[in-house]
Amino acid sequence: MIPLSLDDVLQLVRGDLRTTDADRITGVQIDSRRIEPGDLFVALGRGVGYVDGALAAGAVAALVPEEPFVALAALGREIRNRSSAKVVAVTGSTAKTSTKDILGALCAPHARTIVAEGSQNNELGLPLTLCRLEPDSEIAVLEMGMRGIGQIAELCEIAKPDIGVITTVGPVHLELLGTIERVAQAKAELIDALPAGGTAVVPAGEPHLEPYLRRNDIEIVRFGEGGDVSLSYFAARDGRSRLKVEAFGRPLTLEFSFSGRYNATNALAALAAYKALGLPLGKAQRGAKQVKLSPLRGEEAPLPGDGILINDCYNANPLSMAAALEHLAERAGDHRKVAVLGDMAELGAGAAAYHREVGAAASRAGVDVLLAVGPLARSYLDGARGVPSTRWAPTVEQGLAALRQILQPGDFVLVKGSRAMGLEAIGEAVAVFPA
């Protein structure tokens with residue numbers, strides 16, 4: 001981290017600051033278990049009870065802020081203002097974390113890069129990522145989440161991105177936003193926040209974003225079919241993939257360390273941002289093979305009889321569900337395809353219809369067994385008329401019991417649902433099922 005003096009901290013935030021003999025901080029943490037010498041521990045909520053432990057672990061100061069979000073924003077904003085790094089912000093209805101991971105891997109061989117950990121994309125995670133900027137950092141790849149209008153604008157005010165990536169616009173957070181048009185409006189706050197001379201990377205042919213792409217003082221780069229960066233060939237084998245890409249008028253062939261076709265689209269967005277950073281397209285291969293996706297996003301584990309578990313249960317919405325089902329079909333080949341699908345949350349009044357559509361997508365993907373888990377998930381079965389075998393379980397525990405009865409050697413199993421469902425319990429249990 002770019003060091004701050006304790007006097008700087010006192011000027012930036014309001015609260016109770018306990019200090020040691022040191023006069024500056026070289027890191028910021030809100031989890032006392034992650035404290036390293038030189039850190040400032042910011043105690044949030046019950047974290048007040050861990051102040052003494054943090055100081056004992058090497059923190060040079062501990063702050064109990066009057067307004068936690070305001071304090072973290074002030075610290076992150078100050079570090080950002082002192083940094084010369086180029087900042088890329090990634091948002092979208094789906095795939096923002098994976099796109100962020102891919103872009104970070106592409107950049108790392110060419111520039112000193114920091115990348116947001118996991119899904120650190122809110123008013124806590126984003127400032128913490130900025131507080132990892134070092135004096136020699138050249139690129140910061142951030143993720144921005146939102147659940148309502150104005151939230152991305154607030155994050156942009158802290159991060160001041162030079163490049164903005166919108167991966168997708170789709171039916172997410174509809175309980176709060178109501179319509180996909182409002183989702184697009186919220187995501188487009190990232191475009192509005194870009195400085196003159198900045199770059200917006202957006203999906204080609206996305207009508208909901210077009211009203212927000214009228215600025216003539218920024219560059220608009222489109223990815224996907226018909227865009228500036230498009231895919232002409234994809235093949236996957238043994239957890240890796242080969243892509244042929246047309247990028248800004250030149251052909252590229254790249255090998256990536258992922259196998260999902262949906263991540264090929266994410267790679268297109270990442271390549272567009274990589275080029276906007278001024279990095280050499282001809283040398284993108286150096287980072288492509290080093291991509292490591294965040295946990296619970298298409299993770300694979302072996303199952304008995306040469307089967308495979310695809311653990312993709314970090315989150316779910318209609319777009320990501322359809323993509324995951326297509327990946328299951330491609331990955332399984334002639335193996336039996338088992339889809340364990342949990343509720344998709346925050347879809348508002350149209351939730352049942354969206355679940356039926358995903359059930360129909362399971363039919364089109366040739367799923368052999370569909371196990372729906374959760375109250376809303378029952379509607380998957382209404383759309384899955386072409387799936388030979390369907391079952392419903394109201395809870396994760398009952399779903400796991402049902403899956404134990406269903407699973408056969410050689411099955412390819414997809415586990416996916418919204419984060420609130422906690423389907424990782426099924427994924428973890430399936431990974432250790434006995435042969």
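In the predicted model, six strands make up an open sheet with mixed pairing, arranged in the order S16-S17-S21-S18-S19-S20. Strands here are DSSP runs of E with at least two residues, helices are runs of H or I with at least four, and both are numbered from the N terminus; two strands are taken to pair if DSSP finds at least two bridges between them. At the edges of this sheet lie S16 and strand S20 (389-393), each of which pairs on one side only. From one strand to the next, the twist averages 15°. Residues are numbered from 1 along each chain as its sequence is written. Because the model is predicted, local features need pLDDT of at least 70 and side-chain atom pairs count only at pLDDT 80 or more, whereas totals for chains, interfaces and linings use all residues; side-chain values use heavy atoms, with hydrogens and water left out.

Within this sheet, strand S16 (residues 299-303) is joined to strand S17 (residues 307-311) by 5 bridges in the antiparallel sense. Glu299 has Asn311 in S17 as its bridge partner. The two strands, S16 and S17, form a hairpin with 3 residues between them, and Gly305 in the turn has a positive phi of about 70°. Parallel pairing, also over 5 bridges, links strand S18 (residues 337-342) to strand S21 (residues 412-416), with Val340 bridged to Val415 in S21. Helix H15 (residues 396-406) lies across S18, strand S19 (369-373) and S20, and runs at about 165° to S19. Such angles run from 0 to 180 degrees between N-to-C directions, the axes being lines fitted to C-alpha atoms, for helices over the stretch in contact.

A further open sheet consists of 4 strands in the order S2-S6-S5-S4, again with mixed pairing. Strand S2 (15-19) and strand S4 (27-29) are its edge strands, each pairing on one side only. The twist in this sheet averages 20° from one strand to the next. S2 and strand S6 (residues 61-65) run antiparallel and are joined by 5 bridges; Arg18 stands opposite Ala62 in S6.

Two helix pairs were examined. The axes of helix H12 (residues 318-332) and helix H13 (residues 351-364) come within 9 Å and cross at roughly 10°. H12 and H13 are therefore roughly parallel to each other, a class that comprises angles under 35 degrees, with those over 145 counted as roughly antiparallel, 65 to 115 as roughly perpendicular and the rest as oblique. Contact (heavy atoms within 4.5 Å) is made by Pro318, Met321 and Leu325 in H12 with Tyr354, Val358, Ala361 and Ala362 in H13. The residues of this contact comprise 7 nonpolar, no polar and no charged. In this classification, Ala, Val, Leu, Ile, Met, Phe, Trp, Tyr, Cys and Pro count as nonpolar, Asp, Glu, Lys and Arg as charged, and the others, Gly among them, as polar.

For helix H3 (residues 68-82) and helix H6 (residues 151-159), the axes come within 7 Å and cross at roughly 45°. That makes H3 oblique to H6. Ala73, Gly76, Arg77 and Arg80 of H3 and Glu157, Ile158 and Ala159 of H6 make the contact, whose residues divide into 3 nonpolar, 1 polar and 3 charged.

The second largest pocket is lined by 21 residues, of which Val28, Gln29, Arg34, Leu128 and Arg132 lie nearest its centre. S4 and helix H5 (125-130) are the elements that give two or more residues to this lining. A pocket is defined on a 1 Å grid over the protein atoms alone, as an open set of points where a 1.4 Å probe fits, with protein on both sides within 12 Å along at least five of seven lines; lining residues have an atom within 4 Å of a point. By class, the lining has 7 nonpolar, 7 polar and 7 charged residues.
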